[in-house]
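Visitor: Could you walk me through this structure, one piece at a time?
Guide: Gladly! Here it is.

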Amino acid sequence: MTRKPAFAIDEATQKAVTNASDPRASAWVSANAGSGKTFVLARRVVRLLLAGTDPGRILCLTFTKAAAAEMAKRVFAVLAHWTTLSDRALRKEIVSVGEPSPDAAGLAAARRLFAQALETPGGLKIQTIHAFCERLLHQFPFEANVAGHFDVLEERDAAALTVDARRRVLARAARHPEGPLGEALTTVLSHASDMSYEEALAEFVERRDRLRASLVKCGGLDQALLDLRLALGLGETDTVPSLRQSILAGSVFDAGEARRLSALLHDSEKSTDRRAAARLAPFLTADTEDARIEAWLDFLTTTNGNLRKPGGLVTAGIKNAWPGLDQLLETEIDRVRQILDQIKTAVCFAASDAMMRLADATIDEYERIKAARGVLDFEDLIVKTASLLAHSEAARWVQYKLDRGIDHILVDEAQDTNPRQWQVILSLANEFFAGSGASKATRTLFAVGDEKQSIYSFQGAVPDWFARIQREIGSKARDAANRFEDVQLHLSFRSTAVVLSAVDTVFDQPRAHSGVSSEATWPGHTAARLRDPGRVIVWPLIEPPAQPEPQDW
């Protein structure tokens, strides 16, 4: 027989769970891995229903469909179980979740909750934020300026449309190679492979909301690129060709001085000087400006392209024959070094400029294709809902309608909610802390998460926003004289004490935990499985094997 683990749940944890699930207070729960986030969420929903909240006025937002299904399963399992219990057992269950002991009418109401939740039109709203936004946009298509019967693109279909948009832009660039897009494509492909270029464009399309917001803030694409140019220290007319020309135009050596130096080097008995003379000779015989620039750079640089040290260009005998030559060479090398650095910057800017123009054209094409087909992707669902609730002329009407339909919002995995998604959630919850609204009921916002577990930064999640929104919600609730619970759940039911101790030992150092948590000190873990053994094995780092260089490549 397998022995069940012995759990030790302290009084502080029991109190924290009770406070977090209290339906009469807004709450923010910071919960370690394995500390029962889904359990607390489900318990809060159950207590909201027990307190008389209409199931249709509860909105639970989760990050994945699997998480939504798991939460719904737990809530319905509890409510279904209650329908089979005796009065005494049911009363005990209700007290255990944190509610007062019910009378006969309360017991009957508790048994009806399962049927009420099932019969609520649309059911309990436990869904992903994308599903909620889709439903809202379908409800207010005119106000959101979307097609009345739009379809939602799956990720694979959105990727296919991105490829289609990229190909159309590429075709336009190929038809007009001397035009802005054609020149931009030539520039980009001179710096990156086809695959890198395609991957970059796909990422621009995926993150177009942040890009477009940044461009609007700057005053448009051209102004944004000008700001970038100036931030990099480039003048408005600085280009790679113009900077290359300045290598000769501003040289401290004129043609006569170059010939004098060449003669001294050629007549020297030192082999070092004669080699320098050979490098300088093409500069004197070059018949084009580009050839003279290349020859001068060859004279000043080593075979690997690094600028030579002033003292290594000529021998002491040449310097003695030309007093002040050492200072001239040092001045020239410093000047050329600055120009070469500017050229590198100009090359970087030119590539960025070209990539931005291609990305902007691809995004425009992607938007046109979607509009023609009447479809939205997952990014659109969030962006258009946020705009509907915050910037639309009809926002007040939409907010009024929503104000009459939602009393409680619960947010799961709050650490992976990105800023745009928070904009949607806060737009819905602002009325909760604005005094008297259309609803007279107690209205609350609940969020649970752990910034240490944030894994969706690639989708725009910003872990630092977890603490930022926590402070904002707490401040709004207190300003409105509403109860607000700031709850910490450190007790882990998943791992053993040995494993958790090893984790805490690693991350107790500030330089280690600063990468996963914004807290000044590591919060630490407490194990509930006190009698269970555990083992931590630290494997040595595996060094990458040496890759032999092929001889015939």
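Visitor: Which residues of helix α9 (residues 180–189) are buried?
Guide: First, a note: this is a predicted model, where local features need pLDDT of at least 70, side-chain atom pairs count only at pLDDT 80 or more, and totals for chains, interfaces and linings use all residues. Residues are numbered from 1 along each chain as its sequence is written, and side-chain values use heavy atoms, with hydrogens and water left out. Buried means under 20% relative accessible area, exposed over 50%, and partly exposed in between (1.4 Å probe, protein chains only); helices (H or I, at least four residues) and strands (E, at least two) are DSSP runs, numbered from the N terminus. For α9, the buried residues are L181, G182, A184, L185 and V188.

Visitor: Within what arc do the buried residues of α9 fall?
Guide: The arc is taken from the directions from the helix axis to the C-beta atoms. The buried residues line one face of α9, because seen down its axis they fall within an arc of 165 degrees.

Visitor: Which exposed residues does the face of α9 turned away from its buried side carry?
Guide: An α-helix has 3.6 residues a turn, so residues three or four places apart point the same way. On the face of α9 turned away from the buried side, the exposed residues are P180 and T186.

Visitor: How many residues of strand β2 (residues 58–62) are buried?
Guide: I58, C60 and T62 are buried on one side, and L59 and L61 on the other. Strand β2 is largely enclosed by the rest of the structure, because the buried count is five of the five.
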